[in-house]
Amino acid sequence: MKMYEYQSFQESDKKVLMFYHLWHGCFTESAVNIDIHAPRNITRTIKENRDALNNEDILGPYISYHYWGEPLFGYYDLAKDEYVIRKHAQMLTDGGVDGIVIDYSNYMGGRGKAYTKNELTNLLETYLKMREEGNRTPDVAIMCTWSAEEGARAANDFYEDFYSKDKYYDIWFKWEGKPLILVHPQKISYELKDFFTTRRPYPFLTPVDEENAWPWLSLYPQKCGYTKDNPKEVVSVGIAQNWSDSLDFFSARDEKGHFITRGRSWSSKGHKLLKDPTSSLYESHKGANFNECFERAIELDPNVIFVTGFNEWIAARFKNVPSWARMSKDTTPPFGAFCDAFTTEFSRDIEPTREEELKDSFYLMLVENVRRYKRVESKTDIIVPIRIEIDGNFEDWDGVENEYHDDVNDIANRHAQGIGRHVYVNTTGRNDFKLMKVAYDNDYIFFFCETVSDITPYTDENWMNLLLHVSFDRPHWEGYNFIVNRTGVRNNHTTLEKSLGGFNWEVVDDKIPYRVKGNKLELAIKRNVLGVCDKDIDFMFKWCDNIKYEDILNFYTDGDTAPNGRFNYRF
């Protein structure tokens, strides 16, 4: 187990781009129209129906799109769900991702159904609002299909409808001083060539064999995409690859029924051939494939690491496997065939999921690997002791210079139509954290927090909790040894509890002094109670409001936390 320290990323010449998808509502529309059980979850269907691989009637209709698993935020439609767009932007920037590359490889130009114009508009408008609020978002680039003629048509559509609008200009990911677009340059107009920096999308998993081509998915050991002047411009990092001896569907099997592509657990050091594509024996959550590919990318040390991907989630169910996809001798397995997503093991999404095997494990791996690539190190501050009076007069906090900031306007507030029958409502947002401080003297640790609006009454459930990590050598819940305000909150005094192991708590001090005035709160905890009596103080802390702790993933979805998600401030 690890505790994840929140760290801000400074401007760097090392860039991380993330493959990102808008297509869920548009592509699953036909499935929802013909299938009352859509959206279908392949992983759960196979687990709950052990004959699913031998019965063509258990999964949904052919050609209709299926989900490999359930996203943490549900089966969302990004044309209608600003909440999810905001959460994704927050998670990606917190993880050190500089830009998203939106997948339009299935769009052939002409503003057809696959254009997902509403989704792209919603994302760009939401990013504009977030930036106006002072919050961060990734930059945005678009990847067109690799065909020269169709890619040129698509690029022209995007230029006319989006890139030519001045209001979006600051959002575009810039490369060599101009907005980057991944498109075959042969047939695009001189106007577009002048406006964009172009790189050709490279659709093969084998090493790049031409200048100015960017791969988004490669086989380990990857090689760099390059230009005439730069031999190490970009390296792709994949979560998994639908490949065995050639490009396959993720559901490919050999003649004995073993699933054979490079799933999440695949490694050059060894991998498992199993007949159950949902087996826990894969240990998918360890991310052997992802970590090996990232290690290779860090070793190559390119200017850009291009990660595939964040939120693909869906694949169509084929009855007949195309000739270009090498499968087993049985080309029409009873369960059908799924190209780019299949089950927990055979999928390539980093976005946290409700599937128990994975949860947020790949997101946390991303965070660690990006920090290694960008060489981000934890800082140790020299902080002068200061005495704070817990009296509701907050002027003495003006002398505390070290500050911890949280994104504003990010409390959970959601009412959105999802895919099919799913409607998502979340009204847990309450106190919106803004600014935090910590101080100390010989006897106490002092905590301060400020919210956007006045703090709600202490009688509220799960009100203004403070979580503290001191040591893994002591009993803890998810790394947290202490919690404040869980029980025994009353006017001007509250309760500190310590974990007895897991979410079992024992009161250690029920007279913790605190004060609230308007949108500010302060409290003091005795150092000897926390066990931080040494000269060098080192602990992590997190503020939470209106979080139910039965599931650690609620840190991402509910109320508000400072810092976001699973991160913690370090003092």
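The legends below describe several close-up views of one predicted model.

Local features are reported where pLDDT is at least 70, side-chain atom pairs count only at pLDDT 80 or more, and totals for chains, interfaces and linings use all residues. Residues are numbered from 1 along each chain as its sequence is written, and side-chain values use heavy atoms, with hydrogens and water left out.

**View 1**
Tyr76 sits in the loop between strand 3 (65-67) and helix 3 (82-94). Helices (H or I, at least four residues) and strands (E, at least two) are DSSP runs, numbered from the N terminus. Tyr76 has a relative accessibility of 1% and therefore counts as buried. Buried means under 20% relative accessible area, exposed means over 50%, and partly exposed lies in between (1.4 Å probe, protein chains only). Leaving out residues up to four places away in sequence, Tyr76 touches residues including His24, Asp81, His88, Glu351 and Arg414; contact means heavy atoms within 4.5 Å. The side chains of Tyr76 and Trp313 make a polar contact (3.5 Å). A polar contact is a pair of N or O atoms within 3.5 Å; within protein, one must be able to donate a hydrogen and the other to accept it, and residues adjacent in sequence count only if both atoms are side-chain atoms.

**View 2**
Two strands pair if DSSP finds at least two bridges between them. Two bridges join strand 12 (residues 314-318) to strand 13 in the antiparallel sense, and Phe318 has Ala337 in strand 13 as its bridge partner. Ser64 belongs to the loop between helix 2 (42-48) and strand 3. With a relative accessibility of 3%, Ser64 counts as buried. Beyond its neighbours within four places in sequence, Ser64 is in contact with Ala31, Ala315, Ala316 and Arg317.

**View 1. Two nonpolar cores.**
A nonpolar core is a set of buried Ala, Val, Leu, Ile, Met, Phe, Trp, Tyr and Cys residues joined through side-chain atoms within 4.5 Å. The largest one has 103 residues, and Leu123, Phe158, Phe290, Phe294 and Ile350 have the most contacts inside it. Helix 8 (residues 361-374) gives the largest share of this core, eight residues. Apart from this core lies another, of 32 residues, among them Tyr404, Leu466, Val489 and Phe539.

**View 2. Two stacked ring pairs.**
Rings of Phe, Tyr and Trp (its six-membered ring) pair if their centres lie within 6.5 Å; planes under 30 degrees apart count as stacked, over 60 as edge-to-face and the rest as tilted. The count by this rule is 63 aromatic pairs. Tyr20 and Phe310 are stacked, because their ring centres are 6.2 Å apart and their planes stand at 15°. Tyr20 is in strand 2 (residues 15-20) and Phe310 is in the loop between strand 11 (304-308) and strand 12, 290 residues apart. Both of these residues, Tyr20 and Phe310, are buried. Phe503 and Tyr549 are also stacked, because their centres are 5.5 Å apart and their planes stand at 25°. Phe503 is partly exposed at 32% relative accessibility, whereas Tyr549 is buried at 7%.

**View 3. Strand 19 and its partners.**
In strand 19 (residues 465-469), five of the five residues are buried. Asn465, Leu467 and His469 are on one side, and Leu466 and Leu468 are on the other. Strand 19 pairs with strand 24 in the antiparallel sense over five bridges, and Cys544 in strand 24 is the bridge partner of Asn465. Strand 19 also pairs with strand 20 (residues 482-484), again antiparallel, over three bridges. In strand 20, Val484 stands opposite Leu466.
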